[in-house]
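Hello,

Here is the structure I promised to hand over. Please open it first; my notes follow below.

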Amino acid sequence: MRYLMTTRPSDTAPDEKLYAEMGRFIEELTAAGSLLATGGLEPGGVLVRSAGEEITVTDGPFAEAKEAVAGFALIEVRSREEAIELARRFRRIVGDGESVVQQVYGP
């Protein structure tokens with residue numbers, strides 16, 4: 001089962017300890033074959049909206065910065081519970097904030 005874990009930005013600036021802990025976590029998940037992709041996202045982006053025959057393109061940002069998605073990890077695990085446990089471990093490393101875990105459907 002694949003899950004997309006997204007996180008919102010936090011007010012806490014990363015330090016060397018955070019980078020080291022996150023590096024170990026990423027190495028562990030990569031070695032286990034669970035981590036498929038990870039990355040940070042630009043704060044703005046582009047909104048492409050369709051309504052009937054009309055397609056509009058609007059430059060971001062669109063929501064309050066604290067509501068935007070700042071980063072993601074695509075994981076492959078055996079169960080929803082395992083995905084949630086990995087999200088808990090991530091939150092313990094990065095501290096206060098919010099993450100969303102959603103199952104990815106399809107091949």
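The protein chain has two helices and six strands. Along the sequence they come in the order β-α-β-β-β-β-α-β. Please keep in mind that this is a predicted model.

Some overall values first. The C-alpha trace spans about 45 × 35 × 20 Å along its principal axes. There are 107 residues in the protein chain, and 19% of them are buried. The exposed surface comes to about 7800 Å². Carbon and sulfur atoms supply 52% of that surface. I also looked at contacts between residues at least 6 apart in sequence. Of these, 75% join residues at least 24 apart.

Next, the helix pair. Two packed helices are described by the angle between their axes and the distance between the axes. Helix α1 covers residues 16-31, and helix α2 covers residues 80-94. Their axes lie 9 Å apart, and the packing angle is about 160°. Angles over 145 degrees count as roughly antiparallel, so that is the label for α1 and α2. Their crossing is right-handed.

Which residues of α1 and α2 meet? From α1 come Leu18, Glu21, Met22, Phe25, Glu28 and Leu29. From α2 come Leu86, Arg89, Phe90, Ile93 and Val94. By class, this contact has eight nonpolar residues and three charged ones, with no polar residues.

Two single residues are worth a look on your screen.

Ser34 sits in the loop between α1 and β2, the strand at 35-40. Is Ser34 buried or exposed? Its relative accessibility is 9%. The cut-off for buried is under 20%, so Ser34 counts as buried. Neighbours within four places in sequence aside, Ser34 is in contact with Leu29, Leu74, Ile75, Glu76 and Val77. One of these, Leu29, also belongs to the α1 residues that meet α2.

Val100 is in strand β6, residues 99-104. Its relative accessible area is 31%. Which residues does Val100 contact, leaving aside neighbours within four places in sequence? They are Leu4, Met5, Thr6 and Arg8. Val100 and Gly33 are 67 residues apart in sequence. In space, their C-alpha atoms are 21 Å apart.

Over to you.

Best wishes

Terms used:
Residues numbered from 1 in each chain as written. Predicted model: local features only at pLDDT ≥ 70, side-chain atom pairs only at ≥ 80, totals over all residues. Heavy atoms only, no water. Axes fitted to C-alpha atoms, helices over the stretch in contact; angles between N-to-C directions. Helix = DSSP H or I, 4+ residues; strand = E, 2+ residues; numbered from the N terminus. Parallel < 35°, antiparallel > 145°, perpendicular 65-115°, else oblique. Left-handed = near helix turned anticlockwise from the far one by under 90°. Contact = heavy atoms within 4.5 Å. Nonpolar A, V, L, I, M, F, W, Y, C, P; charged D, E, K, R; others polar. Buried < 20%, exposed > 50% of the residue type's maximum accessible area, 1.4 Å probe, protein only. Areas by Shrake-Rupley, 256 points an atom, 1.4 Å probe, with all protein chains shown as cover.
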